[in-house]
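User: I would like to learn how to read the features of a structure one at a time. Please give the general idea before each case.

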Amino acid sequence: MTPASVRTAIADAFVRLRAHRDAPVVLCAAVAYGLSVYLALSLTRNSTSVAAIWPANAFLLAGLLGCRTSNARAVLVGVCAAACAAATFANSDPWGAVIAFPIIGISESLLAYRILRNTFGKHVALTNGMKVAQFAVVCFIAALIPSAVGAVVVAKVFGGDPAFAFVAWYLADSLGLLVITPTLLLIRQTASSFESNLTVDDLVRHFVILSGASLVVFMQSAVPLLFLLIPVSVLIAFRLGPRYAAMATLWLTAVSLICTHQGWGPAALMGDSDTRLWVVQLFCFVNLLTSLGVAAELSERDRLRRELERVSVLASDRRRQLDTALDAMSQGVCLFDSNNRVVVRNNRFLSIYGLEADAVPAGMTLADLMAVCAAAGAVPDRAEAPVELGVDKDMEQQLQDGRYIRISQRVLSNGGVICTYTDFTAEKQAEAKLLHRTLHDVLTGLPNRRLLVDRAEQALAVARRGRNTAVMLLDIDYFKSVNDSLGHAAGDELLKAVAGRLAACVRGSDTVARLGGDEFAVLLSEGDHTWDPATAARRILEAMKAPVMLEGRPIRVGMSIGIAQPPADGTTVDDILKSADVALYKAKRNGRGKFAFFNAAEDAGVCSARRLESELSRAVEENEFRIVYQPITQGASGHVAALEALIRWDHPDLGTISPAEFIPLAERNGLIVQIGDWVLEQACRDAMHLPPGIKISVNLSRVQISDRSFVARVAKILARANIAPGRIEFEVTETAILDDETNAVRVLEELCALGVSVAIDDFGVGQSALSCLKSLPIGRIKIDRSFVNDLATDPKARSIFVAVVSLAKSLGIQTTAEGIETEQQRLIAAMAGCDQLQGYFLGRPQDLDRLELEKNALGTERDLFDIAS
């Protein structure tokens, strides 16, 4: 490599360095290094030609630690080597010293740099006493070998004692590393919060004290006050922190060495100059380590304090977050420690028990907490079983104001217990309402059959111990005529009025129940007052004589009562009800409006609860049935579209009996097959006398649609009547289908394949109304009257009705509205798009003969609609 290329490389390096962020560090360190070498060699050499003060290596070490890149450190080393050689040459030292001194000094700084990096890592921070001690040890170690080499070089070049030269070199180098390097490092570091809060007055005051103490010590030589400077250094370290402690140490070291070298101060009392210099250097070592150690420990304490404050703030934030999360919970929460003391609780817990925020502080015992809750009136203030927190359990608690609280208690791994409190009053009330609906009649609010049976079981148990009990069964006389003449809405109002009168006629210990339809029951129990079932029955019959206002008209109804008394009339609830049923029909046979007791001797031949069941077979054989037809009109035009065939039983003694009374009996004893076939055949024959556009709608029972041979019989009946299958439509309820759904679906599909249409009757009152639309082969739904009753007065009822009609249309299913009893209902249903309408307002059920005569007289299908209307 030529000299020109070397100059070019050095120039390029300087150009790159000038643009680099480490340039100020390199420049300052190189200048300080060169000047300190020159001054130390020219001013502080002792008898062995060794400089007593050598700060140069400290400047280089600080520069190496301050450079961020290896290139910058390499440039710094090269520049400092050249500066050291130039300074040595400028002092007229031999060439051996000019070459050896730069190598030894730079080697010492590089060795110290490498050891510090291995010890402290990337950043050298004197943050505590241990790190200050580590730094001092590294400086002492790093100066050993270079000092030994330097002593040998000095002895060869200048002559003199190598041992004496080693001591002087070692003390000068190590002191320089220990004093200047920490000062420069601390100056470059970011000021701590403690140092940032210092004022100018604080700095001036303490450095005035330091300067004054220095003057007192070094401006006289009579009294050895040198070591009195250490307390001043410690004071500055304690009050001002590590950065200013290092500056003060540097100041004292420089003053001490310069004054001692010049023979000023306490050192003048000592022997030769070398001894005085060593003593001062030892003083500087002690002062340095003491002040920096104190400052570093104080800085560490300040850091720990700030860390503690940070952690405390973080913990406080976390606690606030926890409190916020707890307070946002819908459940109350209370956490207990292993000693059953409250650790934390949320606001929901306080609100559940009506407590103030300061009423349940942390540390409160469980016993005190229960006392506070009792004092607040939340829980009963009475002796209860002690609460055990040591086990997992769930419990329910009823508060004084009637609310119900569910408490979930769980034991934690540390012995603590967490309890959650849930207000489930609404759930409890809903459960009570559901239970009430399960055990009570929806229309009248009276107990239903299930609750009556439960109470009757209890009454029978009491009767076995000798207390009197009686069961009454009650029927409203001619209730069907009210339904037929005034409609079902009026019938419902009548049932509610009767229920109210029955409840007013008995005592609070008695039970009035509705069994279904117009059938009621009364359970009488012997109380403290005079007990007589006959008196109670007379009181009821008397109360029923008063007219009931229905639709603005007074309606008079009667009631028949059958009475049975255990254990003479039966020892089980079923036996008692059967006996009371027999007595009821005995009262009806005696002229209605009366009561009758069951008499085992007179009624011994009765083998069924109802006389009808025994007489139904005779009615089939003697053809006591007839069919009436109710018109079904088109919703848009009002023309008659179909007739619904309704069976009636003309009993020779009881008069006309509704199918609701005898069809269940026919289904139970199997006669429904014969009755159903007769109704279908008669309807087909009647259809032949009607215009072709009018369909006949026939109701099917659950037994018929479960009969595998039913479709074959329908085909034969249609063939015998010679009528098109499309003229017949079968109506079946959801309940009937659900009894045997698989077979029922098969039967309906076969009917549709035969050409007969199928309609779902009473749509909307079953449990699977919507599923029927998807799974059953139906062409029409007949919307139950319960959705029609309030069309004119209830917007919700209208919305439901319109939604059902729209849904059916979207599925391609026609609709029929049942129970049309007013002009408003008819108009609303027609405007909603309902295909067909049916109800008393449009036409009451009547014999076909009447329809035929009016049709023939008027001559048109429109006239038939007008007569039916």
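Predicted model: local features only at pLDDT ≥ 70, side-chain atom pairs only at ≥ 80, totals over all residues.

User: What share of the residues counts as buried?

Analyst: Buried means under 20% relative accessible area, exposed over 50%, and partly exposed in between, with a 1.4 Å probe and protein chains only. Of the 869 residues in the protein chain, 47% count as buried. For contacts (heavy atoms within 4.5 Å) with a separation of 6 or more, residues 24 or more positions apart account for 66%.

User: Is Ala744 buried or exposed?

Analyst: Ala744 counts as buried because its relative accessibility is 0%. Ala744 belongs to helix H28 (residues 741-754). Beyond its neighbours within four places in sequence, Ala744 is in contact with Ile705 and Ile737. The C-alpha atoms of Ala744 and Ser706 are 5.4 Å apart, although the two residues are 38 residues apart along the chain.

User: How many disulfides does a search of the whole structure find?

Analyst: A disulfide is a covalent bond between the sulfur atoms of two cysteines. With the cut-off set at cysteine sulfur atoms within 2.5 Å, the search of the whole structure finds zero. As for individual cysteines, Cys28 is exposed at 54% relative accessibility, whereas Cys684 is buried at 0%.

User: How many aromatic pairs does the structure hold?

Analyst: A pair of aromatic rings is described by the distance of the centres and the angle of the planes. Rings of Phe, Tyr and Trp (its six-membered ring) pair if their centres lie within 6.5 Å; planes under 30 degrees apart count as stacked, over 60 as edge-to-face and the rest as tilted. The structure holds 13 such pairs. Phe166 and Tyr170 make a stacked one, with 5.8 Å centre to centre and 20° between the planes. These two residues are four apart in helix H8 (residues 162-188), so about one helical turn separates them. Phe166 is partly exposed at 26%, while Tyr170 is buried at 16%.

Another pair, Phe625 with Trp649, is tilted, at 6.0 Å centre to centre and 45° between the planes. Because Phe625 lies in strand S13 and Trp649 in strand S14 (residues 640-651), the pair ties together parts 24 residues apart in sequence.

User: Which side chain makes a polar contact with the side chain of Trp649?

Analyst: A polar contact is a pair of N or O atoms within 3.5 Å; within protein, one must be able to donate a hydrogen and the other to accept it, and residues adjacent in sequence count only if both atoms are side-chain atoms. The side chain of Glu624 makes such a contact with that of Trp649, at 2.7 Å. Glu624 lies in the loop between helix H22 (611-621) and strand S13 (625-634), and is buried at 11% relative accessible area.

User: Where does the charged end of Lys428 sit?

Analyst: A charge sits over a ring if NZ of Lys or CZ of Arg is within 6 Å of the ring centre and within 35 degrees of the ring normal. The charged end of Lys428 is over the ring of Tyr404, 5.2 Å from its centre. Arg406 lies over the face of Phe424, at 4.0 Å from the ring centre.

User: How many residues does the largest nonpolar core have?

Analyst: In soluble globular proteins, nonpolar side chains tend to be buried together. A nonpolar core is a set of buried Ala, Val, Leu, Ile, Met, Phe, Trp, Tyr and Cys residues joined through side-chain atoms within 4.5 Å. The largest has 94 residues, and those with the most contacts inside it include Tyr629, Ile728 and Phe801. Helix H21 (residues 573-589) gives the most to this core, with eight residues. A second, separate core of 81 residues includes Leu65, Cys67, Ala165 and Ile236.

Definitions and conventions: Residues numbered from 1 in each chain as written. Heavy atoms only, no water.
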